[in-house]
Amino acid sequence: PGAPVPTRGATDARAGGVAVRLDDVADCPRYCAVVIRGLSVGPSPDWLKQRMEAIGSRSINNVVDATNYILHGFGQPVHAFDLKVLAGQQVIVRRARAGESLTTLDGTARTLDPSMLVIADAERPAALAGIMGGQASEVTAGTTDVLLEVATFSPRVVRAGRRALGLSTDASYRYERGIDDAGVPRTAEIAAGLIAMVAGGRIELVLDVGADVPAR
């Protein structure tokens with residue numbers, strides 16, 4: 001992909017019809033969104049399936065397996081959203097509002113509160129930041145465009161959300177121990193390249209935002 005958008009100190013960016021905004025930059029110091037369009041979701045190649053099995057994980061599909069490969073290989077959680085179901089093609093990192101709910105990828109409907117950090121679209125929460133994605137925006141066989149999230153979240157807020165919901169994941173385990181902001185863009189580049197390799201598609205856009213994103 002080309003140079004990320006935008007530059008130092010920005011907490012929101014818009015390009016190509018996609019927008020990212022950090023409403024809670026204290027708990028999300030850096031957020032990198034990579035847009036990949038025209039991919040084909042299907043079974044993973046044998047080498048990727050074998051690596052999933054080797055770490056005790058089941059193969060799901062080529063895109064999700066690629067994100068899990070990056071998680072276990074680099075220690076950086078990566079999440080893929082079906083871009084077409086994100087209302088307004090927006091990502092807003094904010095605290096949950098009282099009374100909001102989210103059905104997570106495990107099929108459980110969860111009641112949220114303002115102590116929890118969410119990844120929302122223009123209308124509703126789409127994921128629990130640093131813990132688990134939402135079922136409505138998961139990558140399926142019909143997905144053709146994805147927004148790939150590579151970000152850092154406050155260990156404190158991830159730990160609080162995980163405890164309140166009783167929901168421990170591989171992602172929350174790593175976020176609770178801290179992830180270096182500086183590694184985000186390189187991991188995003190590798191993850192996007194891997195997805196394009198196993199699922200096709202074209203890497204169209206990188207939005208890299210955060211209070212201390214270094215100038216390029």
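Colleague: Does Ile-92 count as buried or exposed?
Modeller: This is a predicted model. The relative accessibility of Ile-92 is 7%. Buried means under 20%, so at 7% Ile-92 counts as buried.

Colleague: Which residues does Ile-92 touch, leaving out those up to four places away in sequence?
Modeller: Ile-92 sits in strand 5, which covers residues 90-95. Contact means heavy atoms within 4.5 Å. With residues up to four places away left out, Ile-92 touches Arg-21, Asp-23, Val-118, Ile-119, Ala-120, Asp-121 and Ala-122.

Colleague: Which residue stands opposite Arg-14 in strand 2?
Modeller: Strand 1 and strand 2 (residues 18-22) run antiparallel and are joined by 4 bridges. In strand 2, the residue opposite Arg-14 is Ala-19.

Colleague: At roughly what angle do the axes of helix 2 and helix 5 cross?
Modeller: Two packed helices are described by the distance between their axes and the angle between them. The crossing of helix 2 past helix 5 is right-handed. The axes of helix 2 (residues 62-74) and helix 5 (residues 184-199) come within 9 Å, and the crossing angle is roughly 145°.

Colleague: How many residues of the contact of helix 2 with helix 5 are nonpolar?
Modeller: Among the residues that meet are Ile-70 and Phe-74 in helix 2, and Leu-194 and Val-198 in helix 5. The contact has no charged residues and 3 polar ones, and its nonpolar residues number 11.

Note on methods: Residues numbered from 1 in each chain as written. Predicted model: local features only at pLDDT ≥ 70, side-chain atom pairs only at ≥ 80, totals over all residues. Heavy atoms only, no water. Helix = DSSP H or I, 4+ residues; strand = E, 2+ residues; numbered from the N terminus. Buried < 20%, exposed > 50% of the residue type's maximum accessible area, 1.4 Å probe, protein only. Pairing = 2+ DSSP bridges. Axes fitted to C-alpha atoms, helices over the stretch in contact; angles between N-to-C directions. Left-handed = near helix turned anticlockwise from the far one by under 90°. Nonpolar A, V, L, I, M, F, W, Y, C, P; charged D, E, K, R; others polar.
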